[in-house]
There are 2 protein chains.
Amino acid sequence: MEAEPQRLPGTPPSGKRAISREQNRRQILDAARRVFAEHGYGATTVRHIIRATPLASGTFYNYFKSKEEVFQAIRDETALSMRPALREARSKAGTREEFVAATFGSFFANVGGSAGEAAARRRNDAPHVRVDTPEIVAGFAELGEDVRTAMERGLLPPVDADFLTAAMVGIAFEIAEMMQKQTPPDPEAATRFATALFLGGIAKLPAG
Amino acid sequence: MEAEPQRLPGTPPSGKRAISREQNRRQILDAARRVFAEHGYGATTVRHIIRATPLASGTFYNYFKSKEEVFQAIRDETALSMRPALREARSKAGTREEFVAATFGSFFANVGGSAGEAAARRRNDAPHVRVDTPEIVAGFAELGEDVRTAMERGLLPPVDADFLTAAMVGIAFEIAEMMQKQTPPDPEAATRFATALFLGGIAKLPAG
DNA sequence: AGCAAAATTGACGGTGCGTCACCATTCGCT
DNA sequence: AGCGAATGGTGACGCACCGTCAATTTTGCT
């Protein structure tokens with residue numbers, strides 16, 4: 001004689017089911033983070049990830065299609081947490097220098113912050129591959145968009161936005177890698193260098 | 001009196017033996033080039049390479065330790081053939097602009113020239129992995145060295161050579177990638193952009 | 001309680017890896 | 001030439017991982 005809640009067949013699940021699903025997903029994601037950090041992207045296998053979890057191998061594929069997809073998920077997650085701060089810093093920028101420095105600065109700071117990445121990078125297998133690890137790549141998803149906005153605001157000159165974004169990304173990546181080879185990594189110096197180079201260069205660009 | 005140890009260990013092989021060895025090595029190298037170009041680095045397996053060859057699987061390992069090692073060999077080979085032209089262009093450079101333009105120009109021209117690379121790039125598997133394919137990366141092997149020399153010659157200002165090289169490589173890579181997304185790719189425009197950016201930036205760098 | 005949908009499990013066939021015992025060819029020497 | 005030794009090719013072997021799937025357990029709902 002209890003009044004049970006009624007549910008139609010297509011209704012989204014509630015309670016235990018959803019919680020369990022979320023927990024499993026989290027477990028896989030966290031394990032993947034650890035394993036990627038430990039062995040690098042190339043060396044880790046789907047098996048490694050699930051072994052770092054109480055789940056069975058088949059379960060992995062209920063949540064992700066491949067190790068690439070977990071990686072993407074981790075990246076997206078990190079990007080999501082990083083995005084607001086980065087965007088805010090850039091949108092608050094009143095000068096061109098602030099815009100550029102905010103971008104490079106937060107990037108190098110984040111790279112330097114994640115200690116495991118350097119080790120993972122070093123242990124990487126491929127010849128000279130550059131993997132955009134989640135922590136590193138996160139903030140770039142919307143850089144191009146912000147660059148265009150900055151151009152409209154007059155913060156940046158009207159040059160080829162694609163090339164400009166590409167150059168910014170390239171400088172950031174390669175200098176970050178170089179920075180990590182140094183002991184100790186000096187994000188401030190890297191930021192100063194990249195910012196000065198980029199600011200000086202922008203001024204000389206042909207209008208695009 | 002019979003059954004003496006016959007040959008000294010250090011004697012170099014001559015004739016047929018050496019020829020066969022060289023032929024096999026070439027066959028593997030050429031097959032690897034084709035397969036890498038066809039399927040991209042990530043997707044090709046050692047088996048793919050040897051199947052594109054009349055040799056047996058075990059034979060591969062008499063010549064190379066892994067697919068990475070073949071890749072390195074291809075890269076070295078390509079670098080060797082590319083080096084003279086690039087070095088000459090850079091050593092001939094009388095002005096800073098010539099030095100920078102020569103580097104970017106030959107890079108973008110080479111990238112644009114190898115049509116198969118773009119396809120391979122697109123077919124790449126990893127999340128956002130950038131593989132420095134042999135044809136592309138070749139010219140960069142000694143860029144750092146040339147940068148240092150240019151600084152000594154006074155062509156470039158005395159800033160942090162590692163960072164400067166890294167920035168140059170980063171700009172070149174990322175802009176090349178962007179360039180290849182455009183139709184048709186315009187190496188001259190890319191060169192103009194990269195050169196202007198870099199030249200303008202150098203002037204503003206803090207002495208390192 | 002009882003049934004259906006959802007989710008988990010681990011075994012399975014398929015494939016690539018790197019090794020190794022076997023065998024053929026070539027080498028150095030008489 | 002002829003012979004024993006060394007070099008080098010061969011492909012089957014054992015191992016690991018992949019992605020799937022039928023069987024089983026768990027959950028949601030009446």
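A residue counts as exposed when its relative accessible area is over 50%, as buried when that area is under 20%, and as partly exposed in between. By this scale A:Lys65, at 62% relative accessibility, is exposed. The residue belongs to a predicted model, and the results below describe the fold of one chain, the contact between the two chains, and selected local features.

The secondary structure of chain A consists of 10 helices and 1 strand. Along the sequence these elements follow the order α-α-α-α-α-α-β-α-α-α-α. Chain A has 208 residues, and 49% of them are buried. Among the contacts in chain A with a separation of 6 or more, 70% are made by residues 24 or more positions apart.

The relation between the two copies was examined next. In general, two copies of a chain are related by a rotation about an axis together with a shift along it. Here, chain A can be laid on chain B with an RMSD of 0.4 Å by a turn of 179° and a shift of 0.0 Å along the axis. The two copies are therefore related as by a two-fold rotation axis.

The contact between the copies draws on 40 residues from chain A and 40 residues from chain B. Of the interface residues of chain A, 100% are also interface residues in chain B, so the copies meet through the same surface. About 3,300 Å² is buried between chain A and chain B, and 75% of this area lies on carbon and sulfur atoms. Between the two chains, the count of salt bridges is 0. On the side of chain A that touches chain B, the elements that give two or more residues are helix 4 (67-92), strand 1 (129-131), helix 9 (161-181) and helix 10 (187-203) of chain A. Helix 9 of chain A supplies the largest share of this side, with 12 residues. By class, the side of chain A that touches chain B holds 25 nonpolar, 6 polar and 9 charged residues.

Salt bridges were then considered within the structure. Side chains of opposite charge can pair when their charged atoms come close. Over all chains, the structure holds 16 salt bridges. In chain A, one of them joins the side chains of A:Glu69 and A:Lys65, with an N to O distance of 3.5 Å. A:Glu69 is partly exposed because its relative accessibility is 30%, whereas A:Lys65 reaches 62% and is exposed. A network of salt bridges also links A:Arg26, A:Asp30, A:Arg33 and A:Glu77.

In chain B, the side chains of B:Asp146 and B:Arg90 form a salt bridge with an N to O distance of 2.7 Å. This pair links distant parts of the chain, as B:Asp146 lies in helix 8 (residues 143-152) of chain B and B:Arg90 in helix 4 of chain B, 56 residues apart. Both B:Asp146 and B:Arg90 are buried. A further salt bridge of chain B, at 2.6 Å from N to O, joins the side chains of B:Arg148 and B:Asp162. B:Arg148 is in helix 8 of chain B and B:Asp162 is in helix 9 of chain B, so this pair ties together parts that are 14 residues apart in sequence. B:Arg148 is partly exposed at 42% relative accessibility, and B:Asp162 is partly exposed with a relative accessible area of 29%.

B:Asp146 also takes part in the surroundings of B:Arg87, a residue of helix 4 (residues 67-92) of chain B. With neighbours within four places in sequence left aside, B:Arg87 is in contact with B:Glu142, B:Glu145 and B:Asp146. The C-alpha atoms of B:Arg87 and B:Asp146 are separated by 7.9 Å, although the two residues are 59 residues apart along the chain. B:Arg87 has a relative accessible area of 27% and is therefore partly exposed.

B:Thr53 is placed in the loop between helix 2 (46-51) and helix 3 (57-63) of chain B. Its relative accessible area is 11%, so B:Thr53 is buried. Apart from neighbours within four places in sequence, B:Thr53 is in contact with B:Gln27, B:Ile28 and B:Ala31. B:Pro184 is located in the loop between helix 9 (161-181) and helix 10 (187-203) of chain B. The peptide bond from B:Thr183 to B:Pro184 is cis, with omega near -10°.

Technical notes
Residues are numbered from 1 along each chain as its sequence is written. Chains are lettered from A and ligands numbered from 1 in the order in which they are written. This is a predicted model: local features need pLDDT of at least 70, side-chain atom pairs count only at pLDDT 80 or more; totals for chains, interfaces and linings use all residues. Side-chain values use heavy atoms; hydrogens and water are left out. Contact means heavy atoms within 4.5 Å. Buried area is the accessible area (1.4 Å probe) that two parts lose on being put together, summed over both. A salt bridge is a side-chain nitrogen of Lys or Arg within 4 Å of a carboxyl oxygen of Asp or Glu. Helices (H or I, at least four residues) and strands (E, at least two) are DSSP runs, numbered from the N terminus. Ala, Val, Leu, Ile, Met, Phe, Trp, Tyr, Cys and Pro count as nonpolar, Asp, Glu, Lys and Arg as charged, and the others, Gly among them, as polar. Copies are superposed by least squares on the C-alpha atoms of residues with pLDDT of at least 70 in both. Buried means under 20% relative accessible area, exposed over 50%, partly exposed in between (1.4 Å probe, protein chains only).
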